[in-house]
Amino acid sequence: MKYKVLCPEKEYGKHFAIHIHDYKLFLDIEALFRKNFWHGPSMRSIKAYRLNLQEKFARRFRTLKFRLMSLITVVLVLVVGLPVGLFVYQLDKNYREFSTNMLETTTGIAYQYIFDGMMRNDTLNMQQNIELLALEPRIQLLRIYRPGGKILFSSRREEVQKNVDQLNDPVYLNKNAEELESFTKVDNVYVHHHPIYVQKECTPCHENQGSVIAIMDVHAGFTDSDYIYGWAKKLSIIGAILIIGILWITTNLLYQQQIESRLLRIIHGFDKLAKGNFNFKIKMAGRHELAMLAEKFNETVEKLKTARKKEEHFYQEKLERADRLVTLGEVAAEIAHEVNNPAGIILTRAEILKDELNGDSHNGQYSQDLDIIVQQTEKIADITRSILHYARKLPRKFTATDLNEVIQHSIKILQPRITKCQTTIQFSPFENSAIIWGNFPQLEQVFCNLINNSIDVLPEIDGRIDITIDADGFNEDKNLYRIIYQDNGPGIGKDLRVKVFSPFFTTKEDGKGTGLGLFIAKNIISNHNGSMYLHDGFQDGARFLIELEKY
């Protein structure tokens with residue numbers, strides 16, 4: 001099967017003249033062309049390549065190096081190119097003046113050479129002298145013609161008696177111009193049209209003294225001076241370009257060597273740091289700004305390395321503490337389970353004794369003591385149940401609770417110890433009932449822990465504890481009660497305040513504290529959606545602030 005494909009035009013979008021004998025084969029070729037070259041992966045690849053190239057150029061244009069080199073280029077062009085441009089301009093101006101003067105001098109010499117012939121009206125002598133003058137290498141053409149254009153004399157004999165309008169010479173005088181004298185340059189030929197006026201010596205033969213009788217047309221070339229001037233101009237321009245290029249390349253190399261290479265080392269250091277390598281250091285000699293930056297980078301890495309070690313040590317301590325708390329929780333659950341049964345027996349026996357004493361009016365003091373025993377035993381039972389609930393992650397029972405009653409009951413429970421230690425407790429209850437949504441025994445435990453901690457450190461004489469419930473003027477955003485608890489003890493040192501709520505932290509002597517009192521108290525307040533913190537500004541003793549939402 002024969003077929004022929006003619007493609008007379010190769011440009012994109014031109015018509016392809018296709019002559020094919022098998023129409024089906026033509027359709028197959030057309031489908032193949034459209035698939036592979038028109039809508040196929042080649043066009044998509046070209047488009048992706050173009051976008052990638054544009055993105056690379058955009059990133060390069062945004063770099064500090066591109067901006068700096070652009071600025072340097074502009075400065076070099078202004079500093080070097082502008083003076084050279086002014087020099088070339090002045091050189092052109094001077095050479096134009098020089099050429100004009102030389103041309104005027106040549107014209108003056110030619111005029112003096114033919115002046116005698118003009119005075120004698122010797123046309124033959126004038127023509128011969130003009131031809132002799134044209135033999136001078138610098139003079140290429142010399143002619144004299146009337147203002148109307150008729151040529152009287154010419155170094156080219158064939159032009160005599162012709163009109164300048166009939167010549168192929170592109171340079172001749174504009175007869176309509178106001179000023180007949182002109183200077184023109186065509187290629188390397190300088191043309192001077194000099195008018196010849198009727199002088200006093202010419203009046204015997206010509207009238208109208210001072211009028212233009214003829215025009216001298218001088219064509220001269222200054223080859224040597226043109227050559228020198230051309231090379232001077234070229235050397236100036238080439239020298240300026242070389243100076244700009246050398247300075248630009250030198251500046252670029254200095255930037256790459258002194259700045260860019262150091263910046264890349266610093267960027268490489270940041271890449272290492274981002275990958276978690278804290279042992280990498282940038283070594284850069286010198287006392288310049290980039291060396292100082294590298295030194296600061298190394299110092300920052302060292303600080304981050306130290307901070308990371310501290311953080312790892314901190315988390316390790318937290319993990320160990322968490323393990324201890326888990327173990328403590330398990331032990332506390334076992335203890336609560338074991339204590340719960342004896343507490344139940346004590347509670348039962350105390351209630352029996354109380355029932356037996358109810359009929360005797362002389363045993364009122366014993367009945368009150370039994371009431372306290374029953375209450376504290378019930379408290380032990382509640383605490384053990386709370387511990388078991390906590391261990392099993394069971395919800396606690398919350399009810400409407402009066403903070404005034406909680407604090408008063410806590411003081412009453414600890415009254416024997418308060419009296420024994422000669423401590424004064426001043427409680428200022430809220431004027432009305434301070435009702436919150438909470439658990440009475442747990443809140444009671446908070447204030448018992450605070451009072452016991454204060455009694456342990458208060459002086460034996462003049463020990464004082466002040467407890468106040470306030471709700472006005474301290475927080476405009478929340479509806480809260482604030483309990484201010486303070487004593488006149490030795491207080492807590494600044495270096496220990498951040499650890500005061502940590503578990504197992506205590507300042508008491510060995511065997512006198514577990515370090516769990518404030519930790520448990522803070523957790524109880526947190527479980528009541530409240531906050532408890534140590535007041536830093538209080539100097540005479542310790543002051544704790546507890547905030548709980550109103551019910």
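1. Does D92 count as buried or exposed, and at what relative accessibility? D92 counts as buried, at 16% relative accessibility (buried means under 20% relative accessible area, exposed over 50%, partly exposed in between, with a 1.4 Å probe and protein chains only). D92 is found in helix α3. Leaving aside residues up to four places away in sequence, D92 touches Y229 and K233, where contact means heavy atoms within 4.5 Å.

2. Some ground rules before going on. This is a predicted model, in which local features need pLDDT of at least 70 and side-chain atom pairs count only at pLDDT 80 or more, while totals for chains, interfaces and linings use all residues. Residues are numbered from 1 along each chain as its sequence is written, and side-chain values use heavy atoms, with hydrogens and water left out.

3. The overall picture: the protein chain comes to 11 helices and 14 strands. These elements are DSSP runs (H or I, at least four residues, for helices; E, at least two, for strands), numbered from the N terminus. Of its 551 residues, 30% count as buried. The chain exposes about 36,700 Å², with carbon and sulfur atoms supplying 56% of that; accessible areas come from the Shrake-Rupley method with a 1.4 Å probe, and for residues only the protein chains shown count as cover. Among contacts with a separation of 6 or more, 60% are between residues 24 or more positions apart.

4. On to the helix pair. The axes of α3 (residues 64-120) and α4 (residues 123-134) come within 9 Å and cross at roughly 170 degrees. That makes α3 roughly antiparallel to α4 (angles under 35 degrees count as roughly parallel, over 145 as roughly antiparallel, 65 to 115 as roughly perpendicular and the rest as oblique). Axes here are lines fitted to C-alpha atoms, for helices over the stretch in contact, and angles run from 0 to 180 degrees between N-to-C directions. On the α3 side the contact is made by A110, Y113, I114, G117, M118 and R120, and α4 brings N125, M126, N129, I130, L132 and L133. By class, this contact has 8 nonpolar, 3 polar and 1 charged residues. For the classes, Ala, Val, Leu, Ile, Met, Phe, Trp, Tyr, Cys and Pro count as nonpolar, Asp, Glu, Lys and Arg as charged, and the others, Gly among them, as polar.

5. Now the sheet. How many strands form it, and in what order? There are 5, in an open sheet ordered β4-β3-β7-β6-β5, and the pairing is antiparallel. Two strands pair if DSSP finds at least two bridges between them. β4 (151-154) and β5 (182-186) stand at the edges with a single partner strand each, so one side of each has no neighbour in the sheet. From one strand to the next, the twist averages 20 degrees.

6. Inside that sheet, β6 (residues 189-197) and β7 (residues 212-220) run antiparallel and are joined by 8 bridges. H193 stands opposite D217 in β7. Helix α3 packs on the sheet, touching β3 (139-145), β5, β6 and β7, with its direction at about 45 degrees to that of β6. Helix α4 packs on the sheet too, touching β3 and β4, and its direction makes about 50 degrees with that of β4.

7. Strand β9 (residues 423-428) has a covered face of T423, I425 and F427, and an uncovered one of T424, Q426 and S428. β9 pairs with β11 (residues 463-470) in the parallel sense, over 6 bridges. F427 stands opposite I467 in β11.

8. N340 sits in helix α6 (residues 289-357). N340 counts as partly exposed, at 28% relative accessibility. N340 touches A381 and T384, again not counting residues up to four places away in sequence.

9. Two backbone spots to check by eye. Q161 is not a glycine, yet has a positive phi of about 75 degrees, and lies in the loop between β4 and β5. N529, also not a glycine, has a positive phi of about 60 degrees. As for α11 itself (residues 517-527), its buried residues are L518, F519, A521, I524 and I525.
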